[in-house]
Amino acid sequence: MNPLYDTLFGRHAGRTAPFLHLPDGTALSYADFLAQAARFAHVLASEGIAPGERVAVQVEKSWHALALYAACARAGAIFLPLNTAYTVDELTYFIEDSGARMVVCDPGGAAGLRPLTDRLGAALLTLGADGGGALAERATGMAPDFATVPRGADDLAAFLYTSGTTGRSKGAMLTQGNLLSNAETLAGYWRFSEDDVLLHALPIFHTHGLFVATNVTLVAGGSMIFEPKFDLDAMIGAMPRATAMMGVPTFYTRLLSDDRFDAALTRHMRLFVSGSAPLLAETHARFEERTGHRILERYGMTETNMNTSNPYDGERRPGAVGFPLPGVDLRITDPATGEALPQGEVGQIEVRGPNVFKGYWNMPEKTAEELRADGFFITGDLGRVDADGYVHIVGRNKDLIISGGYNIYPKEIELLLDEAPGVLESAVVGVPHPDFGETVLGLIVPEAGAAPDLDAILDGLRGSLARFKQPRRLIALDALPRNTMGKVQKNALRERYRDLFAD
Ligand code: MLC
Ligand code: AMP
């Protein structure tokens, strides 16, 4: 028994129906996909990857990369996908912290990672977006079937790293049961079936693209138009062949910016889902006006998968993230006392259910801070439940920026800015951005008498930080605004610079 593999993949064994529609116009059947996954599983086994060991993967999006996810599930390994934008500095932490036994990277990234994997004694294999590389070479000639390694619902299936308020990322441990229960719930709630064709342009190293989009399609036995990334022309070209799409709000604002995107183009669609960042009520309204479709917004996070969703049949309320999903308990509590608040009041959102992760890898104290003994997870989001039961997210109780659906923790950037020559101190805040929703603004205070070169400071970050985390602007100030306790008033900074990137 291996519930994750059996339910998502194994039951499609031998099916010649298409699973993926690829950018070159061909379709890949479930059977052919599973055969390649089995070959990859043989390579993992031949490398001695035992059940429960971590396989860290930083590769371009491709069907081969997805087959590696299936291979890990089948071999009982823990899949650890990593953002393709991460630098070697960032990767070093994830690979070392997780104790990964194997690293799979793009052929172009191997030279940079070799010293690290040699030092750690981890295997290093490569996988290109075209299916080339050492992993694929090793897989050639392997048997297209594999004896599935037995696992239980409580066994770990994936680690996803999420940044922390202290600047140190935490490995969220997700079990087979976490992933499966959520995929089954969502597939039912959103009425996915074998007839669905999901337009998939999200990255596959995060919850949204990997677990929500892919697992839901697999549970339903549908297919996906598998785009390497969000490209406006490609999306518009593919839309008439799809029945559903999932995206971050940036997808929706970009689609709306193009006149070709209209009711005729979306006639074949039955569902548009948005999440990972707040969808403006204005975008919701413009979308309906243009296409006649009402976007269905849902709310989730790495540690919990999906928690709430607007209804499929009922009113999809703009600015709200809907109702707790079946099996999910949600409560609003007072951040100071942890006591439940009366309906309608704003407090921190806590959730409990089979979707909630097992804790942070090797961080029992962090886990205890956020996961209560009664099973409720403190999300760090602030919200309220309206009179009809819809959950509204009204803010964050955590210092976090969400840019184009990617989470960025200011602390990580501030620590680097503080070390830059001539910098006394710094603050990083998120400010509104027309394309990414929010973007990163850095404020620095120079040391007395110093006049640091701001461009040089930004250049200095390039080796350490993924591009999406780098401040889009850096501004020097005489002093940071502080409250009477000496705490930097980030709200004042956000307010002062709110129109910096206005279009
Ligand atoms: C790319 N860039 C970004 C960025 N994405 N910068 C800030 N924020 C982002 N999200 C950089 C590029 O490196 C480039 O740098 C420049 O910005 C412009 O690139 P682009 O070509 O416009 O970007 P593009 O490749 O089109 O990507 C934008 C995007 C992409 C929005 C399509 O970021 C994306 O697919 N985001 C989805 C993220 C996601 O899946 N989140 C789910 C997390 S799970 P330069 O060098 O040109 O300046 C989760 C739980 C849940 O949150 O509830 O779902
Ligand atoms: P991540 O850690 O990348 O999984 O991001 C999770 C965070 O994204 C949540 O804690 C929320 O702050 C935010 N988020 C996800 N979905 C929504 C949504 N629909 N509206 C507002 N914020 C969201």
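I count a polar contact as a pair of N or O atoms within 3.5 Å; within protein, one must be able to donate a hydrogen and the other to accept it, and residues adjacent in sequence count only if both atoms are side-chain atoms. This is a predicted model: local features need pLDDT of at least 70, side-chain atom pairs count only at pLDDT 80 or more, and totals for chains, interfaces and linings use all residues. Side-chain values use heavy atoms, without hydrogens and water, residues are numbered from 1 along each chain as its sequence is written, and chains are lettered from A and ligands numbered from 1 in the order written.

**Ligand 2.** The side chain of Asn407 places an N or O atom 2.7 Å from an oxygen atom of ligand 2. Lys398 has a polar side-chain atom 2.8 Å from a ligand oxygen. For Glu297, the distance to a nitrogen atom of ligand 2 is 2.9 Å. Alone, ligand 2 exposes 500 Å², and the protein buries 92% of that (Shrake-Rupley, 1.4 Å probe).

**Sheet.** I traced 9 strands in an open, mixed sheet, ordered β2-β1-β10-β9-β11-β12-β13-β14-β15 (strands are DSSP E runs of at least two residues, numbered from the N terminus; pairing needs at least two DSSP bridges). β2 (27-29) and β15 (323-324) each have a single partner strand, so one side of each lacks a neighbour in the sheet. β9 and β11 run parallel over 2 bridges. Leu198 sits opposite Ala244 in β11.

**Phe192.** I listed its contacts (heavy atoms within 4.5 Å). Beyond four places in sequence, Phe192 touches residues including Leu198, Ala244 and Met246.

Terms used:
Helices (H or I, at least four residues) and strands (E, at least two) are DSSP runs, numbered from the N terminus.
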